[in-house]
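Let's walk through this one together, a feature at a time. Have the viewer open and follow along.

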Amino acid sequence: MSRSRSTRALIAVAVSSALLLAGCSAGQTGGGGATEPQTGGTLNYLEHQPHTSLYPPSGGFYPNGGIVNNITDRLVYQNPETLEFEPWIATDWESNDDATEYTFNLRSDVTFSDGTPLDADVVAKNFDLYGLGDPDRALPVSEAINNYERSEVVDADTVKFFFTAPAPGFLQATSTINSGLVSDATLDLSFEGFGPGNSQNIIGSGPFTISGEEIGTRVDLAAREDYAWAPPSWENQGRPYLDGITITVTPEDSVRVGALVSGQADIVRNVEAQDEAQVEVPGYSILAAQTKGVNNGLSLRIGNEKLSDIRVRQAITAGIDRQAVIDTIYSANYPLATSVLSSSAPGYVNTEEYFAYDQAKAKSLLDEAGWVPGADGIRAKDGQKLTLVVNEAAPQPRSFEALTLISQQLAEIGVDLQILKADAGTYAEAILDADQVQIYHSMVGRTDLDVIKSQFYSSNRNVLLNKNNKTGEIVDPKLEELLLAVASTPAPDARIAASQAVQTYLAEQAYQIPLFEEPQVYGQADYVHGFQTESIARPIFSQVWLDR
């Protein structure tokens, strides 16, 4: 049977199994009782969205990062439990006092899967691209790297990096998926060259290689037989236990879960909250790994005329019963957010007092701001209704359902919240205009203080649209200054204080309404051993073994 036929068969059986879910026997997928890792087998992994790019700085999209994480290595490894840094491709490193120069010493025995050496030259070329981007090839600067100037190859095993201003987050940046090391030839690809259809051209030094692809449907990974440079804390220091992994795109939630509990899949990502109970049965388990960055939340775009009044922003904040959203839509794996940042994120400070649900306060603030209820219950001012648009965030769990409930809550205070569901082209254009999308639903994971700058700074994700895309005007210069301080303050304690100042400012100004701390929720069969995730919950497969 060809691979394409195998894939179609998998999906067909999965659909069938979903329909028969209630009748499945949990014991049919029990393991064989082995206590030591077994080598061999192919893992069937179901992903709910296709990948869009394997350019490492684009790894923030989880389907992209889930692949890049397993085909590339990084200079350093961030232990997901302790968040401490460990050697990986770099054996050791140092920086100067103001964090404007970093030097890394490298292993001398590492090769890419095309046989070329992973040496200082190619490491320098990687970071020159990630730190500076290449507009001619439409390859953007990595949001994880700030103030990058240049590299210098000291010798074959030593590389040095220079920055135009302090870059205290750079060490952590070298551990992220956005800094996955790829070969010299891969670095010459265009933006399209990193896209779907070209996956087998992406050459890394990681424990797996890409051995096959069907655009939008499936990606095959194969174990690299000579892999021998894992981070020291990994139990498996050599070749992956698995022979390979088949990543199958399976958008329908019930199909993924049905495939898992019927034995057609081994691990599935994005088990929705309403499906968790179907996986929490004998023979299966849930892994809910936190993303430890900017929480799932709503950004109120201050460049829009209606939201330029802080009383309107405060009213919307007070008009949303966040706990009711969690209790209705999600599960215990989605803790109520108490700050813009996750409680497990570095530098977190509790700003919960600013997000209390108070419907009477919300109505009073709108009254003060001159928004008067109309006959249909929707408030109006100067002949204009208080109608706002929020985007459905398709990658985020149950975004549409949560926004629907929030729109019902806001209607009770006289705010008409519309939800944007559109084709990709319309959506991409609309979210860049504060007059088309006034509230932006999103999150971002990263375990460094710079994550708050990544989300809100005008030249990064700019989710508040603090920089007007039409005029280039900065709406709130103070916010820009606060965010720059996080990225450019070398002293650790001062940098934490800078992050906390941003969190407090965002809450005081009612710029951001955090909803919950977002996990990546995986379901797995109990015969799958060794599955874990990196620091912000992307899958690591090299230590996985099967005991079917």
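This is a predicted model: local features need pLDDT of at least 70, side-chain atom pairs count only at pLDDT 80 or more; totals for chains, interfaces and linings use all residues.

Q: Is Gln290 buried or exposed?

A: Buried means under 20% relative accessible area, exposed over 50%, and partly exposed in between (1.4 Å probe, protein chains only). Gln290 has a relative accessible area of 18%, so this residue is buried. You'll find Gln290 in strand 12; helices (H or I, at least four residues) and strands (E, at least two) are DSSP runs, numbered from the N terminus. Contact means heavy atoms within 4.5 Å. Leaving aside neighbours within four places in sequence, the contacts of Gln290 include Asn333, Pro335, Ser342 and Ser344.

Q: How is the chain divided into domains?

A: Domain bounds come from an automatic or database domain assignment. Here we get domain 1 (42–290 + 521–546) and domain 2 (293–517). Their C-alpha centres lie 30 Å apart, and the contact takes 31 residues from domain 1 and 30 residues from domain 2.

Q: What is the area buried between domain 1 and domain 2?

A: Buried area is the accessible area (1.4 Å probe) that two parts lose on being put together, summed over both. For domain 1 and domain 2 that's about 2,200 Å², with carbon and sulfur atoms giving 47%. There are also 15 residue pairs in polar contact between the two domains (both at pLDDT 80 or more). On the side of domain 1 that touches domain 2, strand 12 gives the largest share, three residues.

Q: How many salt bridges does the rule find?

A: Side chains of opposite charge can pair when their charged atoms come close. The rule for a salt bridge is a side-chain nitrogen of Lys or Arg within 4 Å of a carboxyl oxygen of Asp or Glu. By that rule the count comes to 25, with one across the interface of domain 1 and domain 2.

Q: Which parts does the pair of Asp450 and Arg495 tie together?

A: Their closest N and O atoms are 2.9 Å apart. Asp450 lies in the loop between strand 19 (439–444) and helix 13 (451–456), while Arg495 is in helix 15 (residues 492–508), so the pair ties together parts 45 residues apart in sequence. Asp450 is buried at 2% relative accessible area, and Arg495 is buried at 6%.

Q: Which residues have the most contacts inside the largest nonpolar core?

A: A nonpolar core is a set of buried Ala, Val, Leu, Ile, Met, Phe, Trp, Tyr and Cys residues joined through side-chain atoms within 4.5 Å. The largest one has 113 residues, and the most contacts inside it belong to Leu43, Leu75, Phe104, Phe161 and Phe170. Helix 3 (residues 120–132) supplies the largest share of this core, seven residues.

Notes
Residues are numbered from 1 along each chain as its sequence is written. Side-chain values use heavy atoms; hydrogens and water are left out. A polar contact is a pair of N or O atoms within 3.5 Å; within protein, one must be able to donate a hydrogen and the other to accept it, and residues adjacent in sequence count only if both atoms are side-chain atoms.
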